[in-house]
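Reader: I would like a close look at one part of this model. Please keep it brisk, and start with the fold as a whole.

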Amino acid sequence: MQDYDEPYFHQVFPKAVRLLRETDVLVVVGYSMPQEDSLVRFILRQLAESPHDARGKHVFVIDTKNHATIKSRLEEMFFYLPRIGWPREHYYSGRFEDFCAQVTGGA
C-alpha cells in the first residue's frame, strides 16, 4: 500500500494535475481505469473537470480490453461526455507498438 503522505507524492501530484489541465491530449496505454483506483482516476479527471474544460481535448485509449468497459469507465470519470461529446474518445484495440506503427505509417 502506498503512503500518499510522503513528500514525493506532495511534489508529484500537483505537477501531474497542472500538466493534465494544460494538455489537450491524454494517451492511456494498458490501463483499464478500475473503480478501486480512485486516486489515479481523480488525477486523470483533472484533464477536464467540467464540460467547458473538456472542449478540444482528446483521450486515446490503447488496450486489448473490451472497449465497452473502458468507455463506461471514461464516462464515469467525465460524466458529461455522453451529453457533449468532449473530451473526444479514440480507441485502439491492440498493442502499443502496433498503434505507434499504424500512426507513423509503419516507420
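What share of the contacts in the protein chain with a separation of 6 or more comes from residues 24 or more positions apart?

Author: The model is predicted. Residues 24 or more positions apart account for 71% of the contacts with a separation of 6 or more. The protein chain holds six helices and three strands. Along the sequence they follow the pattern α-β-α-α-β-α-α-β-α. The C-alpha trace spans about 45 × 30 × 25 Å along its principal axes. Of the 107 residues, 28% are buried. The accessible surface is about 6800 Å², and carbon and sulfur atoms own 55% of that area.

As a general point, strands of a sheet pair through backbone hydrogen bonds, either parallel or antiparallel.

Take the pairs in turn. E1 covers residues 25–29 and E2 covers residues 58–63. Five bridges join these two strands, which run parallel. Val25 has its bridge partner in E2, and that partner is His58. On to the second pair. E3 covers residues 88–93. Six bridges join E2 to E3, again with a parallel run. Here Ile62 has Tyr92 as its bridge partner in E3.

A helix lies over part of this sheet.

Next, the way into E3. Pro87 sits in the loop between helix H5 (81–84) and E3. The peptide bond from Trp86 to Pro87 is cis. Omega is near -5° there.

The loop between E1 and H2 deserves a look too. Met33 is found in that loop. Phi of Met33 is near 55°. That is a positive value in a residue other than glycine. Is Met33 buried or exposed? Its relative accessible area is 0%. The cut-off for buried is under 20%, so Met33 counts as buried.

H1 spans residues 7–22 and H2 spans residues 38–45. The two pack at an angle of about 40°, with axes 8 Å apart. This angle makes H1 oblique to H2. Which residues meet in this packing? H1 brings Phe13, Ala16 and Leu20. H2 brings Leu39, Ile43 and Leu44. By class, the contact has six nonpolar residues, no polar ones and no charged ones.

How values were computed:
Residues are numbered from 1 along each chain as its sequence is written. This is a predicted model: local features need pLDDT of at least 70, side-chain atom pairs count only at pLDDT 80 or more; totals for chains, interfaces and linings use all residues. Side-chain values use heavy atoms; hydrogens and water are left out. Axes are lines fitted to C-alpha atoms, for helices over the stretch in contact, and angles run from 0 to 180 degrees between N-to-C directions. Helices (H or I, at least four residues) and strands (E, at least two) are DSSP runs, numbered from the N terminus. Angles under 35 degrees count as roughly parallel, over 145 as roughly antiparallel, 65 to 115 as roughly perpendicular and the rest as oblique. Contact means heavy atoms within 4.5 Å. Ala, Val, Leu, Ile, Met, Phe, Trp, Tyr, Cys and Pro count as nonpolar, Asp, Glu, Lys and Arg as charged, and the others, Gly among them, as polar. Two strands pair if DSSP finds at least two bridges between them. Buried means under 20% relative accessible area, exposed over 50%, partly exposed in between (1.4 Å probe, protein chains only). Accessible areas come from the Shrake-Rupley method with a 1.4 Å probe; for residues, only the protein chains shown count as cover.
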